[in-house]
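Please look through this protein chain with me. The report below goes from single residues to the whole fold.

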Amino acid sequence: MKGTSIKSSTLDLMRKYDFKTAKKFGQNFLTDETILKTIIDCSELSKNDCVLEIGPGMGIMTQILCEKAGRVLAVEIDRKLISILRVSLFGYENVEIINDDILKLDLKKVLEEKFGDTPVKIVANLPYYITTPIIMKLLEEDINLKSITVMVQKEVGERICASPGGKDYGALTVAVQYRCIPRQILIVPPESFIPQPEVESMVVRLDSRDKPPVILKDEKLYFRVVKASFGQRRKTLLNALSAGNMGKTKEELKEILLRNGIDEKRRGETLSLEEFAKIANDLNS
Ligand code: SAM
């Protein structure tokens with residue numbers, strides 16, 4: 001019943017403002033109330049929380065975020081949606097809308113300015129054409145992060161939560177799992193959106209780790225090792241690393257793998273975060 005109500009509010013707003021969704025901005029509006037409620041419940045918001053919403057669209061989820069959280073910052077790229085947001089969010093005193101490209105924003109600076117030292121909870125139905133760059137930005141920019149609860153393509157959700165050895169395990173998995181503990185929440189069918197995306201979706205929650213799962217001498221080197229290891233999936237680990245400009249000869253790399261009990265013939269996608277750390281720390285010694 002309620003499902004039809006957010007569907008009809010979405011359609012009403014689109015009609016009223018003659019708004020046509022833009023594929024180039026990944027605009028698939030969520031119109032299933034049960035799924036919206038799951039995202040909100042899963043974010044575990046209280047009035048002490050500061051929330052960043054990426055891509056508020058017409059502001060339907062934003063309204064609930066404003067009711068549950070202390071403060072909300074909503075970053076929307078599409079100028080045409082800003083005037084609609086001003087109307088749909090009218091009366092909410094705890095929200096600020098920024099008309100910008102999330103990928104171009106100095107997020108650390110903005111969040112510090114708006115939220116001080118309160119850690120941020122990110123809640124969003126992400127635009128799928130830039131899901132991975134957004135997640136990487138959130139992980140790399142040293143923001144004071146508490147959790148990320150987001151809708152992503154199912155395939156990206158599976159990569160985020162993957163375990164070593166599977167086809168979904170890759171550089172994105174390692175980057176996410178180094179900073180966060182991920183959880184799959186639920187799979188969402190295309191019918192839950194207007195317009196319907198071509199793929200299934202998934203809600204995932206990532207909780208920021210209090211401390212990294214591995215001790216690293218040099219984080220940048222760690223991610224170079226990860227990138228090289230996954231760079232050429234058909235190659236053995238030794239060959240992938242020696243093609244990856246690690247600053248060591250093939251013989252030296254062979255020694256490092258041997259010393260750390262890692263079979264040189266393994267493929268990068270079978271290594272755990274701990275094994276990548278052993279290689280990176282040994283390269284650094
Ligand atoms: N939050 C709405 C919902 O759940 O129905 C809309 C979600 S829609 C999948 C993605 C939203 O992100 C759209 O409003 C789109 O305009 C916005 N968006 C796309 N690219 C963006 C970017 N680079 N920076 C900020 N917002 C962006």
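Asp142 counts as exposed, because its relative accessibility is 52% and the cut-off for exposed is over 50%. This is a predicted model. Asp142 sits in the loop between α6 and β6 (145-153). Its phi is positive, about 55 degrees, although Asp142 is not a glycine.

Glu44 is another such case. Its phi is positive too, at about 50 degrees, and Glu44 is not a glycine either. The loop between α2 (33-43) and β2 holds Glu44. With a relative accessible area of 51%, Glu44 is exposed.

## The helix before Asp142

Asp142 follows helix α6. This helix covers residues 131-140. Its buried residues are Thr131, Ile134, Ile135, Lys137, Leu138 and Leu139.

## An enclosed strand

Which strand has 5 of its 5 residues buried? Strand β2, residues 50-54, does, so β2 is largely enclosed by the rest of the structure. Cys50, Leu52 and Ile54 point one way from β2. Val51 and Glu53 point the other way. Both sets are buried.

β2 has a partner. It pairs with strand β3 (residues 71-76) in the parallel sense, over 5 bridges. Within β3, Val72 is the bridge partner of Val51.

## Two nonpolar cores

The largest nonpolar core has 35 residues. Leu52, Ile54 and Ile122 touch the most other members. Leu52 and Ile54 also belong to the enclosed strand β2. Beyond its close sequence neighbours, up to four places away, Ile122 touches Leu52, Ile54, Leu138, Ile143, Leu145, Ser147, Ile148 and Thr149. One of these, Leu138, is a buried residue of α6.

Another core, of 27 residues, lies apart from the largest one. Val174, Val225, Leu257 and Leu283 are among its members. In soluble globular proteins, nonpolar side chains tend to be buried together.

Is Asn260 buried or exposed? Asn260 counts as buried, because its relative accessibility is 19% and the cut-off for buried is under 20%. Asn260 lies in the loop between α11 (250-259) and α12 (273-284). Leaving aside neighbours within four places in sequence, Asn260 is in contact with Lys278 and Asp282.

Arg209 is partly exposed, at 26% relative accessibility. The loop between β9 (201-208) and α9 (219-231) contains Arg209. Arg209 and Ser43 are 166 residues apart in sequence. From C-alpha to C-alpha, they are 16 Å apart in space. Pro195 is in the loop between β8 (193-194) and β9. A cis peptide bond joins Ile194 and Pro195, with omega about -15 degrees.

## The whole chain

How many helices and strands does the chain have? There are 12 helices and 9 strands. The C-alpha atoms fill a box of roughly 70 × 40 × 30 Å along the principal axes. The chain has 285 residues, and 51% count as buried. Among contacts between residues at least 6 apart in sequence, 67% join residues at least 24 apart.

The accessible surface comes to about 14100 Å². Carbon and sulfur atoms account for 50% of that surface. The chain carries 44 positive and 41 negative charges. Their mean positions are 3 Å apart.

How values were computed: Residues numbered from 1 in each chain as written. Predicted model: local features only at pLDDT ≥ 70, side-chain atom pairs only at ≥ 80, totals over all residues. Heavy atoms only, no water. Helix = DSSP H or I, 4+ residues; strand = E, 2+ residues; numbered from the N terminus. Buried < 20%, exposed > 50% of the residue type's maximum accessible area, 1.4 Å probe, protein only. Contact = heavy atoms within 4.5 Å. Areas by Shrake-Rupley, 256 points an atom, 1.4 Å probe, with all protein chains shown as cover. Lys, Arg positive; Asp, Glu negative; His and termini not counted. Charge placed at Lys NZ, Arg CZ, Asp CG, Glu CD. Core = buried A, V, L, I, M, F, W, Y, C linked by side-chain atoms within 4.5 Å. Pairing = 2+ DSSP bridges.
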